Amino acid sequence: MLLDALRTDERLAEWLKRLEESGDAATAEEARLPGPDELPDALVDLAVPYEDVNDLVALRRALADDEETTRLLERCVGGLARDMGKIGKGLRLPPFPLESGPLGRYFPVYVFVAALPYVRAYHRERGIPDDVSRRTLADLGRGLALHRRRYGVGGLVAPTWFSLHFHGELFQLGRLQFQRARLGGREGVALAAAGLQLRPGELCLDLHIPDCAGPLTPETCDRSLALAREFFALHFPEERYEAACCHSWLLDPQLKRYLSAGSNIVCFQERFRISCGNREPEDDLPVRFVFGDPDLPVEALQRRTSLERAVGDHLRAGGHWYSGHGWFVW
C-alpha cells in the first residue's frame, strides 16, 4: 500500500497529516483521471516521454483499486484546485522516495493530470493563449526525463516545483520561466536600500532557467523578457511587477573567473544586481544541472565544455559553489 510506505518517512508522514487536516479533498468526480484509452493522449500532450506512458497507463488500475491512494489523489487535487492562481496558496507536492515503488514515484503525475481541468480553466479565464498554456504544462515531461536520467527508473523529479505550474503561478515564456511571487526578506531589504519603494512581501517576478531548453543566449533572454512584460500586463493587470529576481547558482560571481566575458552565462549575470548569496555551499546544484546527477564524485566529472571544466575544476581545487541572488528593475 502506497500510504504505508509514505508513513514510514517522517517528513512525508507529517505532510500527510497536514493534508488530511486541511479539508481540501475533491470528490471522485472532481478528481477524475482520464480512462485507460484517453490517458495516453493526455500524457503525450504533457510531453511525457513515451517510455513512461505504458507504465502510467498500466499503473492507473492499481491506483483506482486502492481506496486509500484514491482518497490521497482527491485530497491533492483539491489542494491544487483550491485558491487556484493565488500566490503561495496552493498545495506543494513533496518528492516521494524511490522506496515507495512505481506507484509512489509516478503518483504526482496522476495528481497533475487530474488537476488539468482546473488549471486549464484558470488559464482560459485569464485569457492566456493556448500555446503558452501548453508549453508551460508540458514542462512536466522534462521532470520525468530527468528522473529516469538520474535514477534509471520512471518517476518525477521535484514535484514541489511542478506544483507551481499546475496552480497558475508559473509560466513558460520563451527560453525563461516566470513565477508570480513575493519578495523575500533579503531581496526586499536590498531593493529598499537601492531606493525602490518595495518591501518584503510585495510582488515580484522570479526568473527560472530550465535546463534541456537550448542555449541561454542574450537574444533568447531578451525575447523572453519582452514576452513577459507584455504577458503579465495583459493577463494580470491588477498585479504590478516592478522588479524581477533570480536565485540560482548561475549567479555565483565565481563563474566569471572561468568563463569568457562574452559567454552566455556571464551576459546573463550582467542583467542583475547581485544583492546577496547563500553562505552555505551548494555544490550539488551545478553538478546536478550540468552533469545530471548531484551524487557524481568530483573526480569523475567530465571536461568537455567550458562550463563543465569550470564546475569540475573549481571543485577539484577545493572550492565551493554558492547560489547567488540578484534583481533588476523592469
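The model is predicted.

**Helix pairs**

Two packed helices are described by the angle between their axes and the distance between the axes. The table gives these values for two pairs.

| Helix pair | Angle between axes | Distance between axes |
|---|---|---|
| H4 (residues 50-65) and H6 (residues 101-125) | about 95° | 10 Å |
| H13 (residues 284-291) and H14 (residues 306-316) | about 150° | 10 Å |

For H4 and H6, the angle of about 95° falls in the range of 65 to 115 degrees that counts as roughly perpendicular, and the two helices are therefore roughly perpendicular to each other. On the H4 side the contact is made by Asp 52, Asp 55, Leu 56, Leu 59, Arg 60 and Leu 63. On the H6 side Pro 102, Leu 103, Tyr 106, Phe 107, Val 109 and Tyr 110 take part. Sorted by class, the contact of H4 with H6 holds nine nonpolar residues, three charged residues and no polar ones.

For H13 and H14, the angle of about 150° is over 145 degrees, the cut-off for roughly antiparallel, so H13 is roughly antiparallel to H14. H13 passes H14 in a left-handed crossing. Pro 286, Val 287, Val 290 and Phe 291 of H13 meet Leu 307, Glu 308, Val 311 and Leu 315 of H14. Seven residues of the contact of H13 with H14 are nonpolar, one is charged and none is polar.

**Cysteines**

How many disulfides does the model have? The count comes to zero, where a disulfide would need a pair of cysteine sulfur atoms within 2.5 Å. For Cys 212, the closest cysteine sulfur belongs to Cys 221 and is 16 Å away, which is too far for a bond.

Is Cys 212 buried or exposed? Cys 212 has 61% relative accessibility and therefore counts as exposed, since the cut-off for exposed is over 50%. Cys 76, by contrast, counts as buried because its relative accessibility is 0%, and buried means under 20%.

**His 147**

His 147 lies in helix H8, which spans residues 140-151. With a relative accessibility of 5%, His 147 counts as buried.

Which residues are in contact with His 147, leaving aside its neighbours within four places in sequence? They are Leu 98, Arg 105, Gly 152, Val 153, Gly 154, Gly 155, Leu 156 and Val 157.

How values were computed
Residues are numbered from 1 along each chain as its sequence is written. This is a predicted model: local features need pLDDT of at least 70, side-chain atom pairs count only at pLDDT 80 or more; totals for chains, interfaces and linings use all residues. Side-chain values use heavy atoms; hydrogens and water are left out. Axes are lines fitted to C-alpha atoms, for helices over the stretch in contact, and angles run from 0 to 180 degrees between N-to-C directions. Helices (H or I, at least four residues) and strands (E, at least two) are DSSP runs, numbered from the N terminus. Angles under 35 degrees count as roughly parallel, over 145 as roughly antiparallel, 65 to 115 as roughly perpendicular and the rest as oblique. Contact means heavy atoms within 4.5 Å. Ala, Val, Leu, Ile, Met, Phe, Trp, Tyr, Cys and Pro count as nonpolar, Asp, Glu, Lys and Arg as charged, and the others, Gly among them, as polar. Buried means under 20% relative accessible area, exposed over 50%, partly exposed in between (1.4 Å probe, protein chains only). A crossing is left-handed if the near helix is turned anticlockwise from the far one by less than a right angle, and right-handed if clockwise.
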